[in-house]
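Hi,

Here is the structure I said I'd pass on. Have a look at it first, and my notes follow below.

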Amino acid sequence: MTPVVVLLLEICHGQQEQIQALRDELAQLKGQKPKPVIKPSALEGERSGKEKGSRPKSRGKRDKTAKLEMHESVKRPPAADVPQNSRFKGYQDFVVQDIRIGVHNTRYRLERWVTPEGERLIGQLPAEIGGMHFGPQLRAFILYQYHHAHVTQPLLLEELREWQIDISAGQLSALITDGHTDFHREKDALLQAGLQGSRYVQVDDTGARHQGKNGYCTHIGNERFAWFASTGSKSRINFLELLRAGHDAYTLNEAALAYMAEHKLPGAQLQALTSLAPAAWTGQAAWQALLAQQTITDPRHVRVVTEGALLGTVVAHGVAPDLAILSDDAGQFDVLIHALCWIHAERVLAKLLGFNAPQRAALASTRSELWAIYDALKAYKEAPDVLTAAAIEARFGKLCATRTGYASLDQALKRMRRNQAELLRVLQRPELPLHNNLSESDIRDYVKKRKISGSTRSPSGRRCRDTFASLKKTCRKNGLSFWKYLEDRIFGWHRIAPLGQWIFEGPPTASIP
């Protein structure tokens, strides 16, 4: 039973599990029953949940219509004639909630005049019309249905035509993708406000095909905002370019030079760049010219220097150098103060099976101890203490140093040992979450849209998908109705403050219609 033999046995066991899963799938496709999963019977007294016969305590009924705005009040007499000398006893209210959907066309007759001097005058349309033949309420409804309710363009077109709206497929596509400069500007400002006002952000990415080619959508956010951007790459350079929040500079400053030194840039090149700092170059062409001037041509050196200059720009525009980035261990997110998600770290152990009793026992013991440490970290977040932090760190180190004889499990523990600083980052920063579930939940809505509508075809379509996903999620996180937000912006009321102000100041005092 050498380590190689143990590893081969584990591979064989994993293949057996995979073969059985494929057999079960084939059986289901043939209309047969797969191999049954027989669970062990629960012991008496270990039932989870409430005992039989228990009932939840009554909380009393709430008045469901107390806060409803009444638009119409109709008095209805009894069906039969009221006999004489009957006494009126008031009213019994019966509230009916309903909506009214129907086309409403308006003809604006613009007066035309000619002055004595020959000047021609013509009447002006209301500002909210914007020179378009589709009203603001209809435009808001289209955006809401497409981006919030995930209604596809063909179904939305059919729906509008059934309501007697005379609109073509091209006009509908234009309303969805064109003329949203103000929305794009507000979405871009979200990231800058979120990065400058946050102690941490959570990040994740997912596939996002564009024009028939594979691409990626990156999510950056936390409990108060969400920001999406689709690009063709998922490299660290791409992530740092996103963190620049629209700025197009490459900056050599203290943060940039520290990053280059940390990533082992050769001393001669580092010294030459240090002599140029502080300095900044606008645009990729100017940056490439500098690299050529400094004879930095090795691909790794170019990458490290570019990453450092991008990070320098991020810090130069107000992002704190101690901003924590919580991720699922994807390498491109390892910048600034990096922290790791415990759920993703434990998934490596969850995938292991063990092909004999000792291995299964070792796996169960390891997972149990890992979750016990996780519970200890949750308690530590509520009441940070130096002694408790040292005890948790020692306990985690002892677990990772354990050698169980189960090769795959030992490799997983070694990897956790290498990531100890990032997994235990919460010991220095108790405000950090222990998992990245929020980011995964935010990006799931984007994935649902991708599955329904497929890939994007035009740059404006891709940008609109990112913009309205960001605005919708941010509205939801701040308790703001996305419908009211769309109405406010399209009608031009601007009674709702910019979403960047909502992120960390809470709901502004401005009135909301």
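**What I found**

Arg244 lies over the face of Tyr250, at 5.2 Å from the ring centre. There is also Lys449, whose charged end sits over the ring of Tyr146, 3.3 Å from its centre. (A charge sits over a ring if NZ of Lys or CZ of Arg is within 6 Å of the ring centre and within 35 degrees of the ring normal.)

Before you read on: this is a predicted model, where local features need pLDDT of at least 70 and side-chain atom pairs count only at pLDDT 80 or more, while totals for chains, interfaces and linings use all residues. Residues are numbered from 1 along each chain as its sequence is written, and side-chain values use heavy atoms, with hydrogens and water left out.

Now the rings. Searching the whole structure gives 15 aromatic pairs. (Rings of Phe, Tyr and Trp, the last by its six-membered ring, pair if their centres lie within 6.5 Å; planes under 30 degrees apart count as stacked, over 60 as edge-to-face and the rest as tilted.) One of them is Tyr144 with Trp483, edge-to-face at 5.5 Å centre to centre and 80° between the planes. Tyr144 lies in helix 2 (residues 136–148) and Trp483 in helix 18 (residues 482–491), so this pair ties together parts that are 339 residues apart in sequence. (Helices, H or I with at least four residues, and strands, E with at least two, are DSSP runs numbered from the N terminus.) Tyr144 is partly exposed at 22% relative accessible area, and Trp483 is partly exposed too, at 24%.

Strand 3 (residues 200–207) and strand 8 (residues 324–327) run parallel, joined by three bridges; Gln202 has Leu326 as its bridge partner in strand 8.

A cis peptide bond joins Ala277 and Pro278, with omega about -5°; Pro278 is in the loop between helix 8 (267–276) and strand 7 (279–282). Lys264 is not a glycine, yet has a positive phi of about 60°, and at 61% relative accessibility it counts as exposed.

Cheers

Definitions and conventions
Buried < 20%, exposed > 50% of the residue type's maximum accessible area, 1.4 Å probe, protein only. Pairing = 2+ DSSP bridges.
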